[in-house]
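Here is a short tour for anyone meeting this structure for the first time.

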Amino acid sequence: MRVKIKKLSSEGFGETEVGGKKILVPFTVPGDIVDIRKWRREKRKLVAHDYEIVEMSSSRIEPKCEYFGICGGCLLQHFPYKEQIEFKEQKLFELLQLQVDVIPSPRIYGYRNRIDIAITTRGIGFRKRGTWWNVVDIEKCDVFGNKSKKALKFLRDLIEDYKLAPWDLKKNTGFLRYIVLREGKFTGDFMITLVTSEGELPERIFEYFDFATSLYWSVNNTKSDVSYGEPRNFWREEFIRERLDDVTYFIHPNSFFQTNSYQAVNLVKKVSEFVDGERVLDLYSGVGTFGVYLAKRGFQVEGIEVNPFAVEMANRNARINKVNAEFRVGTDKGVRNLGVYDTVIVDPPRAGLHPKLIKKLLRDLPETLVYVSCNPKTFSENLEKLKESYLIEQIVGLDMFPHTPHVEIIAKLNLKSKI
C-alpha cells in the first residue's frame, strides 16, 4: 500500500496510519511517499521492514555516511540538523508539557569518542537495524572520525596475516569479538581495545596498532554479547586522557565517560550553573565527571557510586586535577541524611531514580536537586512524585547524539518553600 509519512515518532521513525493503525517506517521523513509491503511487531509497535520510498520529501538531505539506511546506529542523517533539534524540542514538549530549548551539539560528525565494532563472520561493523545476528561491514564510522578507518584497515591486516577467527554470532564460536575505539577529542589520545574469547593474541600485535596511545587486550569468555571483558594486557599507556574545559580525566577501557566530548563541555558547565550553595553531593558519580569539575570551581564535593572501580578512577581524577573531592563506594539510598547538602546531583541510568531514593529525597529535602537524565520518559515519571515538594526552576536539553532520537535533560529543582 502507498502511504505518506506524516511525522516522526518519538523513536525517530517515520510515522503513518493504515486502517486506523500506526505504522513506523525507519529511515523516512515527513513528506516521503512510501510503498509498504510487509510489517512486523517490534516492542508492541508495527514497524515496516519491506518497503520502498517512491517519492522523496523536500525535507530530505543527502546523508554523509554510505552505510546510512542499513546500519542501525543512526536514524536521522537524512534530516536537516536544525529540524532534528526542532523534533527533539517537540518530543520533550509532548512528554513534559514544557517548552525546553535543546542546545545543539557543537559537532554533528566526528563527535563520538567511543564506538564498539563487532568482529564477526558476517562482517566487521555495526548491527543491521532490527537484527542481532547480522552485521553491516564498514570501512570507517563518520560519527567517530577518521581514525576509525586506519584502525579497521590494520585490524583486517592482522586477521588476514594470522588467520584469526572472527566470532560467529549464531554458533558462539571464534576468537576475535570486538574492537573498541576511544579518542580524547581535546587531547588527541587514542585507545584501541581488542576483545576476544579465551586464547592467545600474536606477540607482535602492537606493530599493527603502533599509532595508538594505548592498546588493550581484554577477554570475554562468556556467551554474553558484550564489548568488554577482563583486561589481560596493555601496551604503552594504561589510560588515555580527555579534557573538558580546564579539567583532565583519565579513561580506562572499562570506564564510562560521556560519549560526545564536545557537548559534554556544555553539560558540565550547565550543571555547574545549576548548583547552589557550597556543599554538594554527587550521586551516581561515576568517574567524577561532575564532581571533579565542581571541585575545581571551589565547591565542597562528595561523590557516591556503587561501582568500586569507577570510584577508584574518580579519586584518581581528583588527584591529577589537585582538587579536594571525596568519592566513595555506596548506594544511592545509603546516604544517612541528604538534607545536610545544599545541592544533590542525580544522574541515574535509563531506569531513573529508585522509588526508595525518591522517598528519601522527599523526607530529607535538600534545597536544590540537579537532575541529569538520559531518558526524558523516566525523568517525567520521577518528576510527578518529586512535585510533592519540588518545582522546576530551570530546565534545558542537550543534543548529545546527533542523527539519533536521543536527547539529554538537565533540570534544576528547588524546594517549594524556597521559591
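In this predicted model, the charged end of Lys-185 is placed over the ring of Phe-144, 4.7 Å from the ring centre.

How many aromatic pairs does the count come to? It comes to 12 aromatic pairs. One of them brings together Trp-132 and Trp-133, with ring centres 5.8 Å apart and planes at 80°. Planes over 60 degrees apart count as edge-to-face, so this pair is edge-to-face. Trp-132 is partly exposed, at 48% relative accessible area, and Trp-133 is partly exposed too, at 31%.

Now look at Tyr-216 and Phe-234, whose ring centres are 5.2 Å apart with planes at 25°, so this pair is stacked. Tyr-216 belongs to strand 13 (residues 214–219) and Phe-234 to strand 14 (residues 230–236), so the pair ties together parts that are 18 residues apart in sequence. Are these two residues buried or exposed, or something in between? Tyr-216 is buried, with a relative accessible area of 2%, while Phe-234 is partly exposed, at 33%.

The two pairs described above can be set side by side:

| Ring pair | Centre distance | Plane angle | Arrangement |
|---|---|---|---|
| Trp-132 and Trp-133 | 5.8 Å | 80° | edge-to-face |
| Tyr-216 and Phe-234 | 5.2 Å | 25° | stacked |

Next comes the interior. In soluble globular proteins, nonpolar side chains tend to be buried together. Here the largest nonpolar core has 50 residues, and those touching the most other members are Ile-117, Leu-155, Ile-179, Leu-181, Ile-192 and Phe-209. Among the elements that each supply at least two residues of this core are strand 8 (114–120), strand 9 (123–127), strand 11 (176–183) and strand 12 (190–196). Helix 2 gives the most, with 5 residues. Leu-155 touches Ile-119, Ile-124, Ile-179, Leu-194 and Phe-209, leaving aside residues up to four places away in sequence. There is also a second, separate core of 39 residues, which includes Leu-244, Val-271, Ala-295 and Ala-314.

Finally, step back to see the whole protein. It contains 7 helices and 23 strands. Its radius of gyration is 23 Å, close to the 22 Å that the globule rule gives for 419 residues, so the protein is as compact as a globular protein of that length. Along the principal axes, its C-alpha atoms fill a box of roughly 60 × 60 × 35 Å. Buried residues account for 56% of the 419 residues. Of the contacts between residues at least 6 apart in sequence, 61% join residues at least 24 apart. The accessible surface comes to about 19300 Å², with 48% of it belonging to carbon and sulfur atoms.

Technical notes. Residues numbered from 1 in each chain as written. Predicted model: local features only at pLDDT ≥ 70, side-chain atom pairs only at ≥ 80, totals over all residues. Heavy atoms only, no water. Phe/Tyr/Trp six-rings, centres within 6.5 Å; stacked < 30°, edge-to-face > 60°. Buried < 20%, exposed > 50% of the residue type's maximum accessible area, 1.4 Å probe, protein only. Helix = DSSP H or I, 4+ residues; strand = E, 2+ residues; numbered from the N terminus. Lys NZ or Arg CZ within 6 Å of the ring centre and 35° of its normal. Rg over C-alpha atoms; globule rule 2.2 N^0.38 Å. Contact = heavy atoms within 4.5 Å. Areas by Shrake-Rupley, 256 points an atom, 1.4 Å probe, with all protein chains shown as cover. Core = buried A, V, L, I, M, F, W, Y, C linked by side-chain atoms within 4.5 Å.
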